[in-house]
Structures are given as structure tokens and as C-alpha cells.
Amino acid sequence: MDEILTGKVIVVNGPIVQAVGLTGIKMFDIAEVGPHRLIGEVIRLNGAIAIIQVYEDNTGLKPGDEVMSYTRPLSVLLGPGLIANIYDGIQRPLVGISEVCGSYIRKGIKLSPLDENRKWEFQPLVQPGTDVREGTILGEIRESPLVMHRLLVPPGIYGRLTGIVHGGDYTIKDDIYTVETGAGKYTGKLAAYWPVRKPRPSRNRKKPLVPLITGQRIIDTFFPIARGGTAAIPGGFGTGKTMTQHALAKWCNADIIVYIGCGERGNEMTDVLTDFPKLIDERNGRPLIERTVMIANTSNMPVPAREVSIYTGVTIAEYYRDMGYSVAVMADSTSRWAEALRELSSRLGDMPAEEGFPPYLATRLAEFYERAGLVETLSGRDGDITIVGAVSPPGGDFSEPVTQHTSRFVRCFWALDKMLADARHYPSISWIDSYTEYLTEIEDWWKNLDQEWLTVRNDVMNILLEDHRLEQVVKLVGSDALPPAEQYTLFCAEMIKNAFLQQNSFDPEDKFCSPEKQLKLLKGLLILYKKGLELVQAGLAVKDIAALEVVAGIVRLKSEIPNQEFNRIDEYINKMEQELIALKPSSGGR
Amino acid sequence: MSAEIEYTNLAGISGPLIFVDGVRGVGYGDIVEIRGTSDEIRIGQTLEVDEQRAVVQVFEGTSGLSVRGTRVTFVGRALEIPVDRNMLGRVFDGLGRPIDGAPQVITDRMMNVNGLPINPWSREYPRDFIQTGISAIDGMNTLIRGQKLPIFSGSGLPHNRIAAQIARQAKILTAEEEFTVIFAAMGVKFDVARFFIDSLEESGVLTHSAIFLSLADAPSIERLVTPKTALTLAEYLAFEEGMHVLVILTDMTNYCEALRELSSSRGEIPSRKGYPGYLYSDLASIYERAGRLKGGRGSITQMPILTMPSDDISHPVPDLTGYITEGQIVLERELFNKGIYPPIAGLPSLSRLMKDGIGAGRTRKDHGQVAAQLFASYAKVKRIRSLAAIVGEEELSGLDKIYLKFGTAFEEVFLRQDYLENRSIEQTLEIGWKMLSLLPRDELYRIAREDIQRYYLPQKEAM
């Protein structure tokens, strides 16, 4: 059904190529350019001239070189074998490329994204003769010990299942089932293509009510995100964006992780690649790699492929969502994606908007984040996609366009603070500048754990806000000039920062903190504040409370008490309370 | 091939660019030979081609070229340089041509200076600790073999001395291996180049170093190709000959300015401070040429040096560099003015690869926590100092005064060391503990109890 068009190159300007002769080519069709048949995409049509962005290094390309097109849109191949794999921005398998051409990526390489020879054990779940519709689950494949891959009837297909294979081993090339549709016979395989720029359909969208548990205290307790939500992590260099993204990819309780390294460092992807097969998920005892798909278009790989990499990633996420899974997408960094847009738009001669970015930047960002959400999928099951995008503002200045536009489309904003990062306080998420809009939605989930959750959280948050206000005063007059009660607030805020907010992602116990443990720690700190405050108001000196070993020791609870033994925190706090009560206010006041 | 046709006369000249009309069969990125009236050959590269016109950047600059009479040949391939082991001990210009008076390099191995992107799958994650002998680096911002760790400096600060000290002292603890040093100078003064050459000579590594010079008097456009030529040789030596190469690139700010000059003469839409929107991608194409490969013996460690215009770390050059490199060593004028060498700023400096290259079996188990505690405590010193500036030191609490004492000791004893002083990692950690022991035990909340038991010094010894 595909028509083959041929034309020729007339202008080469970096990765942007103009070609003529491709009559009938459509927007966003793939074109193969020049003798190496480099992959490109039609991004603009101007009379007889097609403007193509080339996804590979095109040095040496000449006017007069041939261009051909099958008039197909840029697509990803979706099927078993995506899990634990690593792709470049246009879904070329990096492992396969390294087998063919060694350590460097040569241009013009074309490999199937999925292993065409691998046999998958397929188990059919429906009988021939059944009426099926888009989204019907036809069968299952054990893709990895963590992921049961479900084969669904593709969107747009309705009719009677006239044939399906018996349980057994099949490759993605084999015919698996046939559906007699009104328009003719449809033959399905284990894998199918889907255009990257087109969101996959679902039945309807739902309100997300369950938090994505990340095991990071400042996120789960203070700025939680719902499953199906959107969040941005803006921060200047060295504030720990990638570290935070890695921690989320490792410990959040999504079923599938899609990690998109977009225009970032090569070694960071290598870190994920070496770490994830070794790291064991406590919840199921399996390596984290068994639920992870990676897209790596590092900063030195071609810029146009960086632009498409986030669509490739989110399309794969939608594919697993449609099977009924909870998927988390980490996009690091959306600023590099926006810069790719800027670079390409400037080569096209577009009139720039703010800071050289194209006027459609905001629209593109909105479209991307809109692909997140909790939905009722075509199969009837619920599935969700959570998107967490890192933003790299130039000079750490949040007023720049990408941060500003992103903050309009996300509902969680985890602002990274340079001061915290400098003091090696990680995660360096600021409790002053960050916000979340999911608090009311996910409140009930936490209340199942403890009715008082929101009150406790807000009380502790108020101590931190009060501390922030007092710090302004302290900067002018010093802390000794404050009344004892306020000095005590400063002391408690410091304890909260060190014992709760700061979290060591390399400590075996502290790297992941269960919701139960978070709650116990939080309540313990609040008890310290309330009991201590009473004593201070009765005349006890702040330094006498601070001098108690049991008080100073709270800082170590996070790494000394394992998640399963969270009840030991209660014992500890009880002991602390006893010792506090035993303190007699000395006559001299402070 | 038609590529060998010689074209005479130019359609125009603008800054470092020439425009040639009526060309056929010219590829994007092709190398161009340009002969002016003097018959001297200049090298250029096509930036844009269409059916009539080619836009060519001339690396040696366009001064002395005329629209009439200039002859242009399109060579039909990208810029290549010869690479060989025998290039060690030699001095080249920015395009890889010898300028030390010795004969041409004889080899049939030619490599494209643009290199190819390394497949992230094929990278080996860098984990080998390099001992530089400088406490501020080894203790708190550890350099790892295969890392790209720039020095962010300001004019007048001793970045060159620090880089030279690292080149001299750097060693791997587990094996007696030597670094090969490749030094590329872009737009710096002759004295700076001379200083490096002399210090490499003094430490006896000059014979296995290669030097690429595009000094301040060379055309600015040549600077654009200099780091690429240097890194091409580095890639050959590291990944084909299995050597460990330390590449020092100075000064990247000059490189970026040359890029801005080129972009502006092409009439491109500027982004911040007039730098082109693709500055990030362009810098990445240089910095990402560092690392290690799976199954390969060699490595490329990069140490780019850049001066921050008016010490501004948010200037596009340091800012975008920091987003690409794996950390940064920041030099601080305040420390320098106090007479402290090396003036490595305590807080904004960072090594991202440190976490996996240190600890038990690599340096010492307590290393990571000691570094974290030093950072945290020194951050507190900075806060107390700004408070003391307002309320006066006498008004501070007793604990705050202890912190101030710690801060001074940290700068004077831990950071400060001699240009020729080479500290082992044990010495560095020992000094670190001495500093931390000035603080009460309870303040060391980033360190495990057992390590405090073991290393914390009684008050007398800490003083």
C-alpha cells in the first residue's frame, strides 16, 4: 500500500535539508536521504519543496543526492523485547548497533528495534470465533520476570476473531491472529508500528487518587505526586536533577519505567545501564532493569533525534499503559529537547519568540505533558502514565521560558535549590519554592494509613515556613537575640532538615523510605517540637534539650532503623519523651 | 570526481566566511583548500550548500583574501589529521601541522577530526580514582579516570598552575601507570603555552605529551578546530593504543567566542549574550569525547579550563559547560586574595563521578561521609560568617565561634598546600579528620558512629 517517492536534495543547512520531486509526500513522513539513506522526517512543505530534518550526521551530503520516501510517518515498533532494552532517539537498538559497528555510532545504520529471531512463549486467552474489539486482550507473554506482556487488538480494529495460534513459541515476524473486520481481514503479529507523534487512544480519563510512592521523604510527604500526574524538576547544574531522577526511577512503585536521557551525558546512561541490572527491588526481589526501558540520545548524538526522543519514550509508555500498567516516564532533560526545537526552528528561519525559542514551544510542551494521566484503557483496565521532566534553566534562573512554560502544564514543581546542593543536602528540593496540586486528591490514600496524616504534615511544614521567616531575622540580628521559643523553632527546623528532608541515596537503609516509616519519623519530630516547646516556654534552655543524646540521635534513625521495623521508631520516641519530661527547667532560663 | 574542480573568484567574503558560486558536487562539511594571491594554502570547511552556492568557513581567517583571483578547491571529504604514536613529544598548530621545525609525521593512519558519537551502551562507567595529590580535589571533588572535569577560573587566578600540578602529580593507586598529556591551547598568550611546556618538561612528561597551539595571534576561527584535532589524537592513543590520556583544553571561553564570531557573521539568531543557540550541542560534541570504552584499556580524562567573564558562573560558557561536564572545580577570588593556593572554592566545586570511585577498596570507607560532612560544616561556616559580618563576632554563640575556628583551619590547613606538595589520599583524609575534630562530636551527623569512634581525635590533638 506504500507508495515509493523519489526526489533530490537542493539545499543542505546542517541537519535541515530541502528536497524537490517528492510530490504527494505528507507532513511527518519519513524520508531516506542521500547515499547512506539517512533517516529524516518531513517537517515542512513549501510548494514543491519538502523540508526534511535528518536524524543522523549528514556531513558529506550534496545537492543532487537522492531522497526517497515510503510515505509513512515516523513510528516506533511496539512489541515484546522493549523491556531492559536501550534505544537512541529514533528507536534504533544501541546494543545491536554496538554489535554491528563497535563503540561508535556510524551513520545510515538500520536495525530492527526488536529482536526478530527471538522466540516468545505466547499464551492465547481467547478462542477463535469470539467477537473482539480494539483493546481486547488476546494473549500473554512473559516478557521479563516482572512484566507480563499483553497482546491487545490494535486501536481501530473490530470484528470476529477468525484464527489465533495455539500456545507456543513465536517470533515478532509470525502471524498470530486474524480478525474479520467490516473492511476486510486483519492479520496481527506480536509487534506493530505506531506513529510517535500521535497519542494512543484510550476510553476516558480519570482523576488520579493514588500517590506514586517514591520512597523519597520530601516528595512523598511534602510534595506528593499522583499516579498519572506530571511533575517538573527544575535546577541549575550540579543541583542534582539527574540524581533525583535516578532515585525516582529506582525506587518509585510504578510497574514500568521509561527513562529518557535526552541531550544529557553519556556516562549518566552508562551509570543507569551498570546500576539497574544490579539493584534489587525490595518489593519483589528482582533487578530493576526488568521493568525499565531506556532511550538514550546523549548530548553528542544528532540534535534532531533528541527532539523526537521524548515522543519515542512516551509512545512506549502508552503502549504499556494500554496493557493496564502504571508507567513512570523520566525525561532528562526537557530543556535539551526545547533547545533542539530552537536550533531546528532557527535553521528554518522562523521568527523567534522569547530567548530565540520558537513561538510553538509552549504548545509542544503542553502536548507532551498531556500524554500523562490515569485512563480507562481500551481493554477496560485502568492504566496510567506519570511524567517527571527535568528542566535545566540557564544560570539556574527559573524565569526563563522553558521553566516558565513547563510550570504552567505540570501540577507538581520540585524546585532544586543551589544553596542546599552546595551544602550537599540531597535531595536538594526546596521546601519553600516547591509545590504540589495533588494534596487533596491523594489525601484519602494517606488517611487510610493514618487519619492525622495531613495535620501532621501541615504542622511540620509550618515549622519549616516559620524557620524560613525567622532566618531572615537571624541574618540581621543573630539567633541569640530571638526569644527562646523562636530559638527552639530554629533548632527543630534544623532537626527536621537533617533527620527527615535530607536523604542519602547511597545508604542501604535510607535510599528508600516506606510511607509508614516516613509517617513515624514525622510524628516523632512533631512530638519533639511540641513537648520541647512546652518545656522551653516553662523556662528550660534550648541547649539543654539539644544536649540530650536521645534528641541528637533522631538524625540517625533514618539510616539505623530498617523500613520493616518502623515500629521501633515509636519506642525511640517514647524514650525521648520520657527523657524530655525528666528535664527540670533550670532557674536561669536560657 | 567533480570535487577536484578549482573555482576562481568568490561571490563574497564576510568575516571568516567566503561564498563560492556555481559549485557542483560539494558536500556539507567538506574540506576546502583556498589559495589567495600569495599561493599559501588555507583550509576551510563548507557550512551550507545549495545548488548554486557554498558557504565556507576559513580556519586561517580571510585577511588578505580578495574576491578576485582567489582559487578554491573542494577536497570532497571532512577534515582529517594523521595520527600516530610518534606525535608524542611534538608541537602542532590547531590544524595538526607540525610547528616545531621537525619533519612531518609519517603515517598512513588518518582520522576525521569530528569523530563519531560514542554509543552509550559501549561506554564503561568510569570508577578509577586518580590521586592528584591536591586535598581539595582528592578529598572533596575526586577526579576519576575517564571523567571530564573543568576548572572554572577567573582572569588572574592560578588555573594554569593547578592544571600543571595535576598533570605532574596525577597517578592511579592500583597500578604504576603514567598519563599521556595532550595539551591544546586556544587563543591564549604565548607565555601560558610556554609555562605548560616548561612544567611538562620539568616533570619529565614532555617527551610523551603532544601539544596543539592556536595562540592569541592565530586567526580566531582556527580555535574552533583545535580541540577537535587534539581529541582526535587522544581518541587514537586511548582507544587504539590503549593509553591513558589527560587532555587539557585551555581556554574554552576563547573557543566559544570564536564560535560566536562565526555565528554572527553567518547572520544567525543569537541566544544568550550573543552566543548561538547550538552552543550547548557544540560544546557537548567536544566534552563528550571523554571516557572509557567497554573492553578497552585506555581512557580519556578531560580537564578543560575556562575563565568566567567577570567571575560570573551564570555566564553562558561556564553555565553550559557545567551542564555537560561531570562536575567542576571552581576557583574563588576571595580565597586567592587571602593568599591561599590552590584557591579551590569549597562549596560550588563538585565531582559527579566521585561517589562511585571512592570508599572501601578504592580509597577508604569513610571518604564519602568525611567529604559530605566537610561540605555541610563548611556551608555552615559561610552562613555564620555572613551573620558575623552584621552582628559582630562577639555576639555569636559558643558553637558558632567553634565553627568559625573550623572554617579558618579548613582553609589554612586543608585547602592550602604547596605547588610542589603531593599529598596521598590517607594524608588528605587525616587532615580532614583533624579539621572535623575541631567540632563537637554531635555536629558530625553525616558520619557513621563507628567511623567517629575510630577517627575522631581528642581535642588536644585536633588543635
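The structure is a predicted model.

Chain B holds 14 helices and 22 strands. Its C-alpha trace spans about 80 × 50 × 40 Å along the principal axes. The radius of gyration of chain B is 25 Å, which agrees with the value near 23 Å that a compact globule of 463 residues would have. Of the 463 residues of chain B, 53% count as buried. Contacts between residues 24 or more positions apart make up 73% of those in chain B with a separation of 6 or more. The domain assignment divides chain B into domain 1 (2–78), domain 2 (81–357) and domain 3 (367–462). Between the C-alpha centres of domain 1 and domain 3 of chain B the distance is 61 Å.

Strand 18 (244–250) of chain B is largely enclosed by the rest of the structure, because seven of its seven residues are buried. In a regular strand, side chains alternate between the two faces of the sheet. Both faces of strand 18 of chain B are covered. On one side lie His244(B), Leu246(B), Ile248(B) and Thr250(B), and on the other Val245(B), Val247(B) and Leu249(B); all are buried. Strand 18 of chain B has parallel pairings with two strands described here, strand 16 and strand 20. Six bridges link strand 16 of chain B to strand 18 of chain B. Here Ala184(B) stands opposite Leu249(B). Seven bridges link strand 18 of chain B to strand 20 of chain B. In that pairing, Leu246(B) faces Thr301(B) of strand 20 as its opposite residue.

Helix 2 (residues 159–169) of chain B is also largely enclosed by the rest of the structure, since nine of its eleven residues are buried. The buried residues are His159(B), Asn160(B), Ile162(B), Ala163(B), Ala164(B), Gln165(B), Ile166(B), Ala167(B) and Arg168(B). Their cover includes strand 14 (151–153), strand 16 (180–186), helix 3 (190–202), strand 18 (244–250) and strand 20 (299–307) of chain B.

Ile431(B) belongs to helix 12 (residues 425–436) of chain B. Ile431(B) counts as partly exposed because it has 19 C-beta neighbours inside 10 Å, while a buried residue needs 20 or more. Leaving aside residues up to four places away in sequence, Ile431(B) touches Ser135(B), Val413(B) and Phe414(B). Ile300(B) is 131 residues from Ile431(B) along the chain, and their C-alpha atoms are separated by 31 Å.

The contact between the chains takes 60 residues from chain A and 57 residues from chain B. On chain A, strand 1 (5–13), helix 1 (94–101), helix 4 (266–275), helix 6 (334–347) and helix 11 (453–477) each supply at least two residues to the side that touches chain B. Helix 4 of chain A gives the largest share, seven residues. That side of chain A divides into 26 nonpolar, 22 polar and twelve charged residues. Strand pairing also crosses between the chains: strand 1 of chain A and strand 5 (residues 41–50) of chain B are antiparallel over three bridges. Val49(B), in strand 5 of chain B, is the bridge partner of Val12(A).

Helix 3 (residues 241–251) of chain A is largely enclosed by the rest of the structure, because ten of its eleven residues are buried. These are Lys241(A), Thr242(A), Thr244(A), Gln245(A), His246(A), Ala247(A), Leu248(A), Ala249(A), Lys250(A) and Trp251(A). They pack against strand 19 (230–234), strand 20 (256–262), helix 4, strand 24 (326–332) and strand 26 (382–391) of chain A.

Strand 11 (residues 137–144) of chain A pairs with strand 9 (residues 120–124) of chain A in the antiparallel sense over three bridges. Pro124(A) stands opposite Gly139(A) there. Strand 11 of chain A also pairs with strand 12 (residues 147–152) of chain A, antiparallel over six bridges. A hairpin of two residues joins strand 11 to strand 12 of chain A. Across this pairing, Ile141(A) has His149(A) as its bridge partner.

Note on methods. Residues numbered from 1 in each chain as written. Chains lettered and ligands numbered in written order. Predicted model: local features only at pLDDT ≥ 70, side-chain atom pairs only at ≥ 80, totals over all residues. Contact = placed C-beta atoms within 7 Å. Helix = DSSP H or I, 4+ residues; strand = E, 2+ residues; numbered from the N terminus. Nonpolar A, V, L, I, M, F, W, Y, C, P; charged D, E, K, R; others polar. Pairing = 2+ DSSP bridges. Buried ≥ 20, exposed ≤ 12 C-beta atoms within 10 Å, placed from the backbone. Domains from an automatic or database assignment. Rg over C-alpha atoms; globule rule 2.2 N^0.38 Å.
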